[in-house]
Amino acid sequence: MAVAPFSTTFFPSLPSIFTTSFSTSKSLKTPSTSSRTVSQFSLETSYKKPPTVDPPEIDGIGAAAPTRGDRFLERHHSVEAAKFVHKENKKNRKRKKDKALKVSLAVAACYGCGAPLQTLELDAPGYVEPETYELKKKHHQLRRVICGRCRLLSHGHMITAVGGNGGYSGGKQFISAEELREKLSHLRYEKALIVKLVDIVDFNGSFLARVRDLAGANPIILVVTKVDLLPKGTDLNCIGDWVVEATTKKKLSVLSVHLTSSKSLVGVAGVVADIQKEKKGRDVYILGSANVGKSAFINALLKKMAERDPVAAAAQKYRPIQSAVPGTTLGPIQIDAFLGGGKLYDTPGVHLHHRLAAVVHSEDLPALAPQSRLRGQNFQVHQLLTDNEMGSKDLSSGLNGFSIFWGGLVRVDLLKVQPEMCLTFYGPKGLQIRVVPTEKADEFYEKELGISLTPPSGKQIRDDWRGLETVRQLKINFQDEQRPACDVAISGLGWITVERKKSLPYNPPDLESSVNKLELAVHVPKPVEIFVRPPMPVGKAGSEWYQYRDLTEEEEEVRPRWYF
């Protein structure tokens, strides 16, 4: 069988003399002595540099097909190039998404409030004396510097820094609420675990119903703070079920619900265990509305984690500052709190324009924050008899035609009510409750505003107080005689429970108590929101009338668990 002639096109590295020797072979028989001599001669002469001889052109033969090695190298190079392009594109996308966060962390920031350190503007957040700044910079200790504003806040000074829609009047405004919200915009693109905080005293006002706009699809752990402020005798089992029901109605999917107190550390251990279980190498962000207690919760979290984690124990020394001023935190604060990797971030509070804190002057902000356990202030018919201002009012029509002032921030007109109706006010103790006939309410408000009806204080009245401009008409039905009808919650303040009292010390004559409908008119400053919700089961009586709802198997599977 004849062998096809070889060409240097297929083996370009072989010398041309190899081609000559192979081409002289006519068959596959054992080569003769002469052929072995030729082969030997060819091998000996291959180590010399022969002259370049162009291969003969053969008709019908073009460029050679690529070898397996050529194809492998080509495929390898293309894959590597694709990986490089993908990696660069991913970096560019990540750089674009993380732009807000990277800007805030690129420069040294105050560990107390997260504001960038600066040495130029004395009254601005982040100010540090130039000598201190240079010394700390020289020794690479800028992450351990606290600014002058935080020092004043830690000593009880009320210094606001946030303006704009949802900001606070009084003092200088160095950053807007919109800019603070923008600093959280990167969260939806991150792979993170979100711990969302809600104030139990202002549950509806601080809930952040559109939290998914900030958190994206990241998993959320719901933490309810300040449960130690609930009235004495409150059953936390009832509160936990009530919170889960309210969260489900708001269509917010959460992993779990925790009832906590940063002051007494109630429920904090459960949050630590849940974070360690769900973190899975991700960073943890503490998210919530302004003044909901994020910094206080982080301090409690670090204190509990420090019992077993030396990294958290070290982080306690440089923890975020906490104060009664909404907007204390002005930038994301990175905390090295986990032994196994991942960071803990304290974030700026989301400032909501519909809360009372955005309406009152900075000097009156402490009056809106309860400092001790709430005690409901009841208002009933028999109180009218002992009030000198009510002496001339005809009580034959019961409570109809009366107005109740809750400090200078809320006014409730009783339009159509039952004589056994009772209003219980839950909120800061400093706000007095005054009752006057509705016909004299406007005159009484102008006379007593800033005196017995506070807040607002006298300074804000002189400046820009616009009064109670928003009025909402409420029609309330009593569906169950054994439980309150509802709660009327005032955003940023507290709530009013509407209920019946069966035994009254005074019963006005000729009144029928068969009417099950109430009509109220609630006046608040603009743009404060009013929420009507199912009654919260507080106090000893709450555990008696509260009823747990029967759940289906599907609801049991998707319903979040709650802990305390």
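# A guided tour of a predicted model

Begin by selecting Glu190, which lies in the loop between helix H7 (177-182) and strand S3 (192-199); helices (H or I, at least four residues) and strands (E, at least two) are DSSP runs, numbered from the N terminus. With a relative accessible area of 16%, Glu190 is buried, where buried means under 20% relative accessible area, exposed over 50%, and partly exposed in between (1.4 Å probe, protein chains only).

Residues are numbered from 1 along each chain as its sequence is written, and side-chain values use heavy atoms, with hydrogens and water left out.

## The whole chain

Now zoom out to the protein chain, whose secondary structure comes to 17 helices and 19 strands. Of its 564 residues, 46% count as buried. Contact means heavy atoms within 4.5 Å, and among contacts between residues at least 6 apart in sequence, 74% join residues at least 24 apart.

Select helix H10 (268-279) together with helix H11 (294-305). Two packed helices are described by the angle between their axes and the distance between the axes. H10 and H11 pack at an angle of about 80 degrees, with their axes 9 Å apart; axes are lines fitted to C-alpha atoms, for helices over the stretch in contact, and angles run from 0 to 180 degrees between N-to-C directions. H10 is therefore roughly perpendicular to H11, a term that covers angles of 65 to 115 degrees. Show the side chains of the contact, among them Val272 and Ile275 of H10 and Phe297 and Leu301 of H11.

Next, select Lys280, in the loop between H10 and strand S6 (283-288), and then Asn291, in the loop between S6 and H11. Most residues other than glycine have a negative phi, and most peptide bonds are trans. Lys280, although not a glycine, has a positive phi of about 50 degrees, and Asn291, also not a glycine, has a positive phi of about 65 degrees. Lys280 is exposed, with a relative accessible area of 66%, whereas Asn291 counts as partly exposed at 28% relative accessibility.

## An open sheet

Which strands form the open sheet, and in what order? Five strands do so, in the order S13-S10-S11-S17-S14, with antiparallel pairing; two strands pair if DSSP finds at least two bridges between them. The edge strands, each pairing on one side only, are S13 (433-437) and S14 (470-477), and the twist averages 20 degrees from one strand to the next. Zoom in on strand S10 (residues 402-406), which five bridges join to S13, the two running antiparallel. Here Trp406 stands opposite Ile433 in S13.

## Two cis peptide bonds

Finish with two prolines. A cis peptide bond joins Pro455 and Pro456, with omega about 10 degrees, and Pro456 has its place in the loop between helix H14 (441-448) and helix H15 (458-463). The peptide bond from Lys526 to Pro527 is also cis, with omega near 5 degrees, and Pro527 lies in the loop between strand S17 (517-524) and strand S18 (530-533).

How values were computed. This is a predicted model: local features need pLDDT of at least 70, side-chain atom pairs count only at pLDDT 80 or more; totals for chains, interfaces and linings use all residues. Angles under 35 degrees count as roughly parallel, over 145 as roughly antiparallel, 65 to 115 as roughly perpendicular and the rest as oblique.
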